[in-house]
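Have the structure open and follow along.

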Amino acid sequence: MAEAAAGMEWPLPAALCPVANFCFYSSMYLSSLTLAALAVRRYLGVAFPLRLQGRRRPGRALALGAAIWLLACGHCSVVFVAEFTRAESDGGGNGSGRVGDAVVGTV
C-alpha cells in the first residue's frame with residue numbers, strides 16, 4: 001500500500017522489499033494449497049466414507065499443515081535469492097530496492 005500511495009516508487013528501506021514480496025506471495029500460495037488440501041479431504045470423505053471414518057488423527061493434519069507451510073515458504077524464498085543475487089551483480093543494488101524491475105534505475 002505504501003508503494004501505491006507513493007506513486008509506485010518504493011518509499012521504505014530496500015531491505016523490506018523482498019520481505020513484502022515474500023509475505024504477499026506466500027500468503028497466496030498458503031491459501032491456495034490449504035484450500036486444495038481441504039477439497040481433497042472432503043472428496044475422500046464423500047467418496048470413501050467408511051474407509052476414512054477411523055483415520056482422523058490430529059497429528060496427520062498438523063504434519064500436512066507443516067508440509068504446506070514448508071512448501072509455500074520454500075518456494076517463495078526465491079524472492080530473497082533473487083534480491084541478493086541481483087544486489088551482488090549490481091555492486092550493491094540499484095537504489096530502487098525492487099525485485100524484478102525490468103529497467104535498472106539510476107541513482
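## Where two helices meet

In this predicted model, the axes of helix α2 (residues 16–47) and helix α4 (residues 58–76) come within 9 Å and cross at roughly 145°. The crossing of α2 past α4 is right-handed.

On the α2 side, the contact is made by F22, Y25, S26, Y29, L30, L33, T34 and A37. Helix α4 contributes L64, I68, W69, L71, A72, C73, H75 and C76. By residue class, this contact of α2 with α4 holds 13 nonpolar and 3 polar residues, and no charged ones.

## A closer look at α2

Helix α2 has 32 residues, and from its first C-alpha to its last it reaches 46 Å, close to the 46 Å expected at 1.5 Å a residue. Which residues of α2 are buried? They are C17, P18, F22, S26 and L30. F22, S26 and L30 also take part in the contact with α4.

## The chain as a whole

Zooming out, you will find 5 helices and 0 strands in the chain, and the order of elements from the N terminus on is α-α-α-α-α. Of the 107 residues in the chain, 16% are buried.

Taking contacts between residues at least 6 apart in sequence, 59% join residues at least 24 apart. As for the surface, the chain exposes about 8000 Å², with carbon and sulfur atoms supplying 68% of it.

Definitions and conventions: Residues numbered from 1 in each chain as written. Predicted model: local features only at pLDDT ≥ 70, side-chain atom pairs only at ≥ 80, totals over all residues. Heavy atoms only, no water. Helix = DSSP H or I, 4+ residues; strand = E, 2+ residues; numbered from the N terminus. Expected span 1.5 Å × (residues − 1). Buried < 20%, exposed > 50% of the residue type's maximum accessible area, 1.4 Å probe, protein only. Axes fitted to C-alpha atoms, helices over the stretch in contact; angles between N-to-C directions. Left-handed = near helix turned anticlockwise from the far one by under 90°. Contact = heavy atoms within 4.5 Å. Nonpolar A, V, L, I, M, F, W, Y, C, P; charged D, E, K, R; others polar. Areas by Shrake-Rupley, 256 points an atom, 1.4 Å probe, with all protein chains shown as cover.
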